[in-house]
Amino acid sequence: MITYPALFEYDEEEKVYNVRFPDLPGCFTYGETFEEAKAMAKEALTGFLQSVDARKMRLPDPSKLGGDEVIYIEPETPVAFAIWLRKQREALGLSQTDVAKKLGIKYQTYQRIESPSKTNPTLKTIMRVEKVFNQKLVKV
C-alpha cells in the first residue's frame with residue numbers, strides 16, 4: 001500500500017529510540033525499545049495522516065530515503081487503503097464521482113471509503129475496486 005520513511009535514532013542520554021518522519025513535519029514519537037518505537041511509529045503515522053486528511057491538507061508523497069537508521073512504516077490498514085485508493089484515483093485523473101459510478105455505488109458512499117477516518121469497505125466493494133483499478137488487493 002503506502003509507506004513512509006522513518007528515521008530511528010537511539011538517544012544514549014534518555015535511553016530511548018526517537019523516531020521522526022522527514023516527509024511529515026511534526027510527526028515524531030519514541031519508544032523505550034526498538035520494537036516499541038516501531039509500534040509507536042505506526043500509531044503516530046496513522047494519526048498524523050488522519051489529521052492531515054481531516055483538515056483537507058495535501059498529503060505529501062513519501063520520499064525514497066536509505067540508510068541504516070531508516071525503516072519504512074505503513075499506517076494502519078484502513079488508513080493505508082484509503083490513501084492508496086485516493087492516489088490511484090488521482091493518478092488516473094478520475095473524480096470521486098467517476099469511481100463511484102464505476103463501482104455502482106453512491107458518491108457519498110465512495111467518499112467514506114476514501115476517507116482514512118471513515119473507511120470500512122465490504123469485501124464485495126473491495127473486489128469491485130480491484131476491477132476498476134485492475135489491481136489485486138486481497139489474497140486468499
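User: Which residues of α3 meet which residues in α5?

Analyst: Contact means heavy atoms within 4.5 Å. In this predicted model, local features need pLDDT of at least 70, side-chain atom pairs count only at pLDDT 80 or more, and totals for chains, interfaces and linings use all residues. Residues are numbered from 1 along each chain as its sequence is written, and side-chain values use heavy atoms, with hydrogens and water left out. Here Val 99, Lys 102 and Leu 103 of α3 meet Arg 128, Val 129, Val 132 and Phe 133 of α5. Helices are DSSP runs (H or I, at least four residues), numbered from the N terminus.

User: At what angle do α3 and α5 pack?

Analyst: Two packed helices are described by the angle between their axes and the distance between the axes. Axes are lines fitted to C-alpha atoms over the stretch in contact, and angles run from 0 to 180 degrees between N-to-C directions. For α3 (residues 96–103) and α5, the angle is about 115° and the axes are 9 Å apart. The two helices are therefore roughly perpendicular, a class covering 65 to 115 degrees.

User: Which residues of α3 are buried, and which are exposed on the face turned away?

Analyst: Buried means under 20% relative accessible area and exposed over 50% (1.4 Å probe, protein chains only). Gln 96, Val 99, Ala 100 and Leu 103 are the buried residues of α3. They lie on the same side of α3, because their arc around the axis is only 105°, taken from the directions from the helix axis to the C-beta atoms. Lys 101 and Lys 102 are exposed on the face turned away from the buried side. The buried residues pack against α2 (77–91), α4 and α5.

Conventions
Angles under 35 degrees count as roughly parallel, over 145 as roughly antiparallel, 65 to 115 as roughly perpendicular and the rest as oblique.
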